[in-house]
There are 2 protein chains.
Amino acid sequence: MDQQASSKAEAQDPELRKTGKEPRTSRGRATQKKLLDAAALEFGEKGYHEASVSSITRRAGTALGSFYTYFDSKDEIFRALVQHMSKEVGHHAASAMSAADNALEREQLALEGFLAFTRSHKEIYRIIDEAEFVDPDSYRSHYETVAERIASRLQAGAESGEMRGDMGELEAWALMGMNVFLGLRYGVWNEDETLSDADIAEIGQRANRFLRNGIGPEEPVG
Amino acid sequence: MDQQASSKAEAQDPELRKTGKEPRTSRGRATQKKLLDAAALEFGEKGYHEASVSSITRRAGTALGSFYTYFDSKDEIFRALVQHMSKEVGHHAASAMSAADNALEREQLALEGFLAFTRSHKEIYRIIDEAEFVDPDSYRSHYETVAERIASRLQAGAESGEMRGDMGELEAWALMGMNVFLGLRYGVWNEDETLSDADIAEIGQRANRFLRNGIGPEEPVG
């Protein structure tokens, strides 16, 4: 596949093509999207084992037949959903980052975008985490893909001199872990309070200070 | 309970007392420990749903009756195991940290101890992660406990001037996330190569540099 064909295919949502059957019409794509949204709620609330195809179609307001036009089974829509959500997180971060002026700000906006995403998609942790058991390859591939994306951003930051020189895989995994756990703590395990935009900005700034300067003493000791 | 009684109870493995039935003899404690070790392998290999009590007792080389002396069900031994492993991680980190000279070195040794632990207990991620679905309270409590422990270490570091002044919950969750993901990447998803002690030391140093100085530019830009 040449460059042009490949980016054309990407615009058509390749994650739906890999699993699921590709809809041919825009109406078909809308139905498939409705089923994925319903599946996110269903798997997020009940977990994989208790979830059912009939309950997904009920939530989506589609006929059972429509489901099987696009997905072979509960297992298949779960896999498609994990890939879809993984992609969504990426799109969300990319769009949040587009306003950044430099490499460190880019990371701050990526985290803030991710926190905003978890606020409105609390189910994402449960779904991605359950993939470890239902679809281990997608689980691993999700984190490996995110880590690679972060690693190239850090390398770009190192090359432009906006970050220190030796950025690699380890720093990318460490940063990903920070973001995942801040999203868990403040986006998901935060039922008491709604995370406001101001909260998100404060978390973003504070986490970015950690990222920029670390937590070593301001004046080196001894 | 006064201080002395409390530390005496702790020496008797309080996590076994909370779930499971407390063995009265040292032989009983040994049997219970054998069952927990067997359960770690069983749940780690097969996952909660496929695991069975009879297979756990077979691995442990104990009679089925012994199992029910200490645990009521598969569910109960799973819960006891999550609490046991959570405690083990804590003990392991505490013992690794005891050699540290200062607050930042303490964190480096804690990570290195954790990596060494994951190397010999690759099943720990699968078990703790599956608790999110089988025993959500223990899952959350595991991370909240670890985060609190880290937060008090960071606060102590801030007070002693070995870390910067404003250390709180956010920094603790960020650091925990780094460690969890470095353990996942290098301790568990590292099947091709065995993690040597030298690898662990290198990861520990590199992660500690991130922790100490962050990834900002060496000379601040513009």
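Let me start with E112(B), which sits in helix α7 of chain B, residues 103-120, where helices are DSSP runs of H or I of at least four residues, strands are runs of E of at least two, and both are numbered from the N terminus. This is a predicted model, in which local features need pLDDT of at least 70 and side-chain atom pairs count only at pLDDT 80 or more, while totals for chains, interfaces and linings use all residues. Residues are numbered from 1 along each chain as its sequence is written, chains are lettered from A and ligands numbered from 1 in the order in which they are written, and side-chain values use heavy atoms, with hydrogens and water left out.

E112(B) is buried and yet has no salt bridge, the nearest side chain of opposite charge being that of R119(B), 9.9 Å away. Buried means under 20% relative accessible area, exposed over 50% and partly exposed in between, with a 1.4 Å probe and protein chains only. A salt bridge requires a side-chain nitrogen of Lys or Arg within 4 Å of a carboxyl oxygen of Asp or Glu, and for charge, Lys and Arg count as positive, Asp and Glu as negative, with His and the chain ends not counted.

Which residues does E112(B) touch, not counting those up to four places away in sequence? They are I200(B), A201(B), G204(B) and Q205(B), a contact being heavy atoms within 4.5 Å. Q205(B) belongs to helix α11 of chain B, residues 197-213, and at 51% relative accessibility Q205(B) counts as exposed. Leaving aside neighbours within four places in sequence, Q205(B) is in contact with Q108(B) as well as E112(B); the C-alpha atoms of Q205(B) and Q108(B) are separated by 6.9 Å, although the two residues are 97 apart along the chain.

Staying in chain B, helix α4, residues 53-60, has as its buried residues V53(B), S55(B), I56(B), T57(B) and A60(B). These buried residues pack against α3 (26-50), α5 (64-70) and α6 (74-97) of chain B, and α4(B) is followed by G61(B), whose phi is positive, near 70°.

Turning to the aromatic residues, a search of the whole structure finds 24 aromatic pairs over all chains. Rings of Phe, Tyr and Trp, the last by its six-membered ring, pair if their centres lie within 6.5 Å, and planes under 30 degrees apart count as stacked, over 60 as edge-to-face and the rest as tilted. The rings of F67(A) and F71(A) have their centres 5.6 Å apart and their planes at 45°, so this pair is tilted. F67(A) is buried at a relative accessible area of 0%, and F71(A) is likewise buried at 0%. F43(B) and Y48(B), by contrast, form a stacked pair, 5.8 Å centre to centre with 10° between the planes; F43(B) is buried at 1% relative accessibility, and Y48(B) is buried at 12%.

Y48(B) also has K74(B) over its face, at 4.6 Å from the ring centre, and in chain A K74(A) lies over the face of Y48(A) at 4.5 Å. Here a charge sits over a ring if NZ of Lys or CZ of Arg is within 6 Å of the ring centre and within 35 degrees of the ring normal.

Among contacts in chain A between residues at least 6 apart in sequence, 66% join residues at least 24 apart.
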